[in-house]
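Welcome! Take a moment to look over the structure below, and then read on for a guided tour.

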There are 2 protein chains.
Amino acid sequence: MIDTMQLGILQKERRNNIVKKNLLVAQSGSPSAAINATLCGVVEQGLANEKIDKIYGAKNGLMGVLSERFVDLTEILEDPEARQQLCRTPSSVLGACRMKLSPWEETVFEYEKAISIFRKYNIGYFIYIGGSHSMDTAYKLSTYCEAHDIHDIRIIGVPKTIENDLPNTDHSPGFGSAAKYVATTIAEIACDCHVYALPSVTLVEIAGTESGWLTAASALARINGEQAPDLIYLCEKPFSIDRFLSDVRDKMTQKHSLLIAVSEGLRNEDGTYLSDSLQSHAEDVFGHKILAGVARFLEEILRQEIGCKVRSVELNLMQRSASHLASQTDITEAIRIGRVAVAFAVEGGDGEMACIKRISNEPYKSEMSFVPLDTVVHGVKKVPQEWICPEGNDITQEMMEYLLPLIQGEISCSYRNGIPIHFHIPR
Amino acid sequence: MIDTMQLGILQKERRNNIVKKNLLVAQSGSPSAAINATLCGVVEQGLANEKIDKIYGAKNGLMGVLSERFVDLTEILEDPEARQQLCRTPSSVLGACRMKLSPWEETVFEYEKAISIFRKYNIGYFIYIGGSHSMDTAYKLSTYCEAHDIHDIRIIGVPKTIENDLPNTDHSPGFGSAAKYVATTIAEIACDCHVYALPSVTLVEIAGTESGWLTAASALARINGEQAPDLIYLCEKPFSIDRFLSDVRDKMTQKHSLLIAVSEGLRNEDGTYLSDSLQSHAEDVFGHKILAGVARFLEEILRQEIGCKVRSVELNLMQRSASHLASQTDITEAIRIGRVAVAFAVEGGDGEMACIKRISNEPYKSEMSFVPLDTVVHGVKKVPQEWICPEGNDITQEMMEYLLPLIQGEISCSYRNGIPIHFHIPR
C-alpha cells in the first residue's frame, strides 16, 4: 500500500533517477583518539553521496536511537574546518552508552522501536562505530531485519578499540594512536626513572583486559635507543609471581633501575585476575575493598620481596584520550574506514563490519574491506603466542614489525591559548 | 706562595689578558621537561664565553661532584643539533641525587672534598640546577666558601620545579610545561569522562605536596570552552570531607558527570595528609599498609557516600616528563636562565639564585634576575589565599591571568619512527 504522499515522493525520485535516504550514525564503547575521525569520514562520504539526504547523529549510541535524540550532522559538520577539528578531538562527540540488546528471539520491543524510528526518519543506512558490544548491537539489529524481510535499512559496523581485540581486522582504528601514546610515554618515563643511581623499579600498567596488544606497544619505546621497558608481561601468558621475581632479580644484576610494562588483565596460573588478589583482602577506612590495579599489586610484592624503591603508574584515561599525540596513520585510516562504510552501505552492503587488511609493511599499505558481523561478535583477537618470547617476559621481532607502521606520522594539532582546540556538538 | 708552574700559567694568562676557568654544572631533584633546556643554556653560554675553558657535567648531582664522575660537555654538546635534542629531552640527562649536606659548622668533610675537587679541575664556576634541596646545597657550599675566604669559586643556583614552590621567583622553569600538560590532559579527559549519560565523577590527582600551583593549572582546560574541571581543591586550604561531599552533591544537580582536580598534598583540617587516612588503615595481602593517593581515597568516599561511578586518575610521572607537550615559553625561559646564570657568575656573581621577574602579561614579558640563595632556601611559595575562591573549591581570575602566559607556544618536537627523539649522554 502506497499512500498519495509516498507516491509523490517516489515519482519525484524516479524523475531524478535517485532514491534519497537519510543516514544515521552513532558511536559507542570506550572512547579513543580516532573514533571522531571515523565519524568525520562517515559524514564526508554522506555529504558527498548523492543517494544520501540528511545525516543524523544519535546521541549516546543505541540509547539515543531508541529515544530519538538526534542531531543534524549535515548542518553541524558542513564546514570543513569543523570536521578538521572533529578529527583532533578525543572521545566520542556523540557520546556513548553501555546497553546490550537482548536477542530479538526473546523480546522484540527494542527492535520494533528502532525500526519504527528508522522509518520515521527515513533512515536507509545505519552506521554504528564502536567495539565488540557495538558490533553485537549492529549484528542483532541486522539479523532482526533479515529475519523480518527488512531490506531497505542497511546496517554496517565500524570497528574502534584501543585494545585491538576485535577479530577479523588486521587492527582497529584507535589502536595506533593509543600505541603511539604508550610508546612515547614509556620513552619519556624511561628518561625519568633512570635518573637516580639507586635500585628502583617503575611498573607501568597498560590497558587490555583480554589482550596484550597495547602493552606490547610499550616495546616501541626502544626504537630510538631507549633502554626500556626491561620486562613486558602480556595477559596472553599465565603470570607467575615466582618467575616475575626471578626475572626482576636477574635484570637487576645488569642495571640498577628497571621499567616494567604490564597488562591490566594479567592473570594467575589458575585463571584469576592478579588484581583480584589485592581486592579480596585489602580494605579502606570504611571496611570497603580497595580496588587496586595490577601494577599496584606488583608494587607491593616487589617492595616486600626486593626491598627497593618501587613506583606504579597507570596510563589510565590518558592512553585513550591523548589526541594531541595521535598517529597520523591511525587517523587517516579512521577517516577512510568511515568513508568506505557509507559507500558500501549505499552500494548494497548490509550486516557487515568494515575491516582493515594489511597489504605490506615496507612501505606500509592497507586496504579497507568487509566481513560479516557474525564473524566478529564472538571471540577476542589475542596476541599470537609466537609473538611473545618463550620466557613470557618480552615480545618478538614479528610483533615489533606488526606494531611499528601503526604509530607513524604526527597530526598537526591546532592549539589556541596554549591548549588543543576540541570540537563539541552545539547544545 | 706561587710555584713555578702556576707562575707560568699566570704569565700566559696575563699575556692574553684572560684568566680562563672551567665550569662545572650539575642537575638534581625531581625531573621536569625543562631542566635539560637550562643545561643547554648553561652550555651555550659556557661555549660562547671567552673566560670559560672546559664545561664539565657532574653525574647525579652533588654525589657525582664528590665522586668526580664528570663528563666533558664541551665535547658532548658541541654540536648544535645535539643541544637542540637536549632541549626536547625530559628529565635530567646528567642524573640526579637525593643528598643533603650537613651544615659545615658540624662536619666539613664533604665541603673540603668538594673544594679540593673544584681545585683539581680548575673549576671557577659551579652551576647547580634544581629545586629547594639543590638550592640548599648551593647555599651551604657558598657560605662555606665565604667563611673560608674562597672567592675564586663562584656558586650559582638555577631553579627548576614543576610544583612552582621555590620562593623569590615569579615562577620556576619546568612549571609552565607541566601546567601545559595538566591543562591539555584535563581538556582531553573532560571529552572522555562526559561520554556516558550516567552520573559519574572523575578525580584527577595532580603533583604538589606543599603548594597547589600545578593543580590550579587544571583550570586552564576551560580556556577553549571545556566544561572542566567542575571543582578544584588546592593544598593551601584545609580540606573538609563534609564540604567536599556537599560541593559534589550541589554540582551534580546541574550536570551528570563531574571532573574534579585535587592536589596530592591535600590535608585535613587537623593538618594531617588526607592520603594518610587510607595508609594508616588499609593493608594488602601481606599485611602491609597500602600507599594510596588522595584521589583514590576520595574515590572510596564518593563511592560510599554518593554511590555513582567514580574513577581516579594520577598524572604521576607523566606530568613532569611529557616533553613532547612542553611549553615554548617555558623552554625559552629555561634556556635563558641557564645562560644568564653563567654570564652572571663570570661577571662576579656568587651565592645567588637566578630568578624570573614578570614584567607584563599582555604581551607577556619576563626578565632574568638574581636573589641571594639564603632568601630561597627557607620557605615554600604557596598559592596566595586571595587567588583561591572563598568556597575553597576553585581558583580566581587573577590566578588564571598568572598561569595563562606560562603555557603558551608549542615546541617543534622531532620524531623518528613515530616517537620523539631524546638525547642521551654517551656512555
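The report below goes from the overall model to the contact between the chains and then to some local details.

This is a predicted model, in which local features need pLDDT of at least 70 and side-chain atom pairs count only at pLDDT 80 or more, while totals for chains, interfaces and linings use all residues. Residues are numbered from 1 along each chain as its sequence is written, chains are lettered from A and ligands numbered from 1 in the order in which they are written, and side-chain values use heavy atoms, with hydrogens and water left out.

**Confidence and overall form**

How far does the predictor trust its own work? For the complex it gives an ipTM of 0.94 and a pTM of 0.94. The pLDDT, the predictor's confidence in each residue from 0 to 100, averages 93 in chain A, where 92% of the residues score at least 70. One stretch of chain A stands apart: over residues 280–290 pLDDT stays under 50, and the model has 31 contacts there beyond four places in sequence, a contact being heavy atoms within 4.5 Å. Where pLDDT is low, the predicted coordinates should not be read in detail.

Chain A holds 15 helices and 13 strands; these are DSSP runs, numbered from the N terminus, with helices (H or I) of at least four residues and strands (E) of at least two. Its C-alpha atoms fill a box of roughly 85 × 45 × 40 Å along the principal axes.

**Where the chains meet**

How many residues does each chain bring to the contact? Chain B gives 80 residues and chain A gives 80 residues. The area buried between them is about 6,500 Å², with 59% from carbon and sulfur atoms; buried area is the accessible area (1.4 Å probe) that two parts lose on being put together, summed over both. In chain B, Glu188(B), Tyr196(B) and Asn224(B) lose the most area to chain A, together 11% of what that side buries.

There are 37 residue pairs in polar contact between chain B and chain A, both at pLDDT 80 or more. A polar contact is a pair of N or O atoms within 3.5 Å; within protein, one must be able to donate a hydrogen and the other to accept it, and residues adjacent in sequence count only if both atoms are side-chain atoms. On the side of chain B that touches chain A, H8(B) gives the most, with 10 residues.

**Salt bridges**

A salt bridge is a side-chain nitrogen of Lys or Arg within 4 Å of a carboxyl oxygen of Asp or Glu. Over all chains the count comes to 39, and four are found across the interface of chain B and chain A. Here are two examples.

| Pair | N to O distance |
|---|---|
| Arg320(B) and Asp192(A) | 2.7 Å |
| Asp230(A) and Lys255(A) | 2.7 Å |

Asp230(A) lies in the loop between helix H9 (213–216) and strand E7 (231–233) of chain A, and Lys255(A) in the loop between helix H10 (241–252) and strand E8 (257–263), so this pair ties together parts that are 25 residues apart in sequence.

**Backbone details**

Most residues other than glycine have a negative phi, and most peptide bonds are trans. The bond from Glu362(A) to Pro363(A) is cis, with omega near 0°, and Pro363(A) is found in the loop between strand E10 (352–361) and strand E11 (364–372) of chain A. The bond from Ala228(B) to Pro229(B) is cis as well, with omega near -5°. Ser91(A) is not a glycine, yet its phi is positive, about 70°.
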